[in-house]
Amino acid sequence: MMQSGALKISDPKKYTLTMILLCIGYFIDFYDLTIFSASYVNVFRDSFHIYETAEIQQLYLKISSYYTFGIFCGAVFFGIMGDKIGRTAMIRYCILLYSIAMILSVFTTSIPLFTFLRFISGAGLAAEFATSSVLINELLPTKHATRYTSLLYFCGILGGMTATYLGAISWQAMYLFGGLSGFIVYFARKKICESVVFLNLDNKVKKGNPLHLFNSFANIMKFSRLLMLIIPFQFLITIMFIYPRFMNLNGDMSSINKTLLTGFFIGNLISTITCNFIINKFKDYRIFVLANILLFSLVMPLFIYVPQNLFFVYTLFLGLLGGGLPTVWIQIVVKSYGTNLRSTASNFLFAFGRLSGILFNLIISTLLLTPQNFHFNVVIVIATIVSLVLFALFKTNNNYNSNMEYTEHNEMIKNSNN
């Protein structure tokens, strides 16, 4: 029997409130992803009295690594718990954890404690995008779910833009803004709707078993194919800040990076809006992924040929490779697993996608050892990524019209008896 917390079509106010609060939560998530990068120089100078540029950059990279590891740990843990105790409970507790860590960060003068708080911030927001996407796709028909998943990511991009332009004004105020906003969202999320699909799960069904993702060759290949589809985005956001070094640009790196981020975010917004229309027009997520990877293969190798007057236009094209792909990818993932494993799988794939950034950091660092061959080697990496993604896409079924109300209970029982 459906519980009282389930969404009813006759309850449009609660439906609207749910969507608004999910979007605000991802605005805060993206905001936090960007705010540290936009303000770390002032943070280190004001809180830790570090002024030497090399030392600041080294500390930034170190803390960023802990933050990334926090995202991985949080996505794994909260993803599992999202299947065990519910989607809405997890996105409430996650943002509460983030809010506490964000506010405490303003008042600490200890580097180890600040690093730990950044780890907690990453863990707290790790499940926001994937679990919110699961909830949206379980609450709504496909056409509307596509629209609201796009809106979710659109709001996230706005959060990143807000942090980019306001982070340098007063980092303390911006950290407090993020933390206090999180508290408000935490209390407001008492009113959001739990997934009807999740509420109707049989209590006898095993939920959130991460071993099922890897307990057979078929499941490992399925996980690998889905992971490969987001790799172009992870490579893009890892290498795009290296590109200006090999371009004939005038100006200091700070202004160049600001232009890069501005064009990238605007391109993200365009891509996020466009993907909604393309998907619902063709009723096939793969069409957009294919178009994206073809654009990726054309745009990514061109960086050394871009003149100063076309730099901003180029950053717009880089942005077109950004917003829509994660939006479409997460919907493919959400519909690829049963209700009892959906949150776990979505967050595991999100976590491993983020973790691939560390691998790309190592690859790019190696390529930089021979700068005279950098462009050629980057083209080789791009060609490899494109080949792997096209293979993965060819093996991926169109699940646009997939029924969300199914479990993987039988397969889990079968595997547990073997």
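A pocket is an open set of grid points with protein on both sides within 12 Å along at least five of seven lines, and its lining residues have an atom within 4 Å of a point. In this predicted model, the second largest pocket is lined by Lys-222, Arg-225, Leu-226, Lys-335, Ser-336, Lys-395, Thr-396, Asn-397, Asn-399, Ser-402 and Tyr-406. Sorted by class, that lining comprises 5 polar, 4 charged and 2 nonpolar residues. The space in the second largest pocket amounts to about 190 Å³.

In soluble globular proteins, nonpolar side chains tend to be buried together. Here the largest nonpolar core has 91 residues, of which Phe-235, Tyr-243, Phe-296, Met-300 and Leu-318 touch the most other members. The greatest contribution to this core comes from helix α16, residues 374-394, which supplies 9 residues. Leaving aside residues up to four places away in sequence, Phe-296 is in contact with Pro-232, Phe-235, Pro-301, Leu-321, Ile-382, Ile-385 and Val-386.

The cysteines remain to be considered. A disulfide is a covalent bond between the sulfur atoms of two cysteines. The structure contains 0 disulfides. For Cys-193, the nearest cysteine sulfur belongs to Cys-23 and is 14 Å away. Cys-193 is buried, its relative accessible area being 0%.

Terms used:
Residues numbered from 1 in each chain as written. Predicted model: local features only at pLDDT ≥ 70, side-chain atom pairs only at ≥ 80, totals over all residues. Heavy atoms only, no water. Core = buried A, V, L, I, M, F, W, Y, C linked by side-chain atoms within 4.5 Å. Buried < 20%, exposed > 50% of the residue type's maximum accessible area, 1.4 Å probe, protein only. Helix = DSSP H or I, 4+ residues; strand = E, 2+ residues; numbered from the N terminus. Contact = heavy atoms within 4.5 Å. Disulfide = S-S within 2.5 Å. 1 Å grid on protein atoms, 1.4 Å probe; cavity = no way out; pocket = protein on both sides within 12 Å on 5 of 7 lines; lining within 4 Å. Points joined across faces, edges and corners; volume = space filled by probe spheres on them. Nonpolar A, V, L, I, M, F, W, Y, C, P; charged D, E, K, R; others polar.
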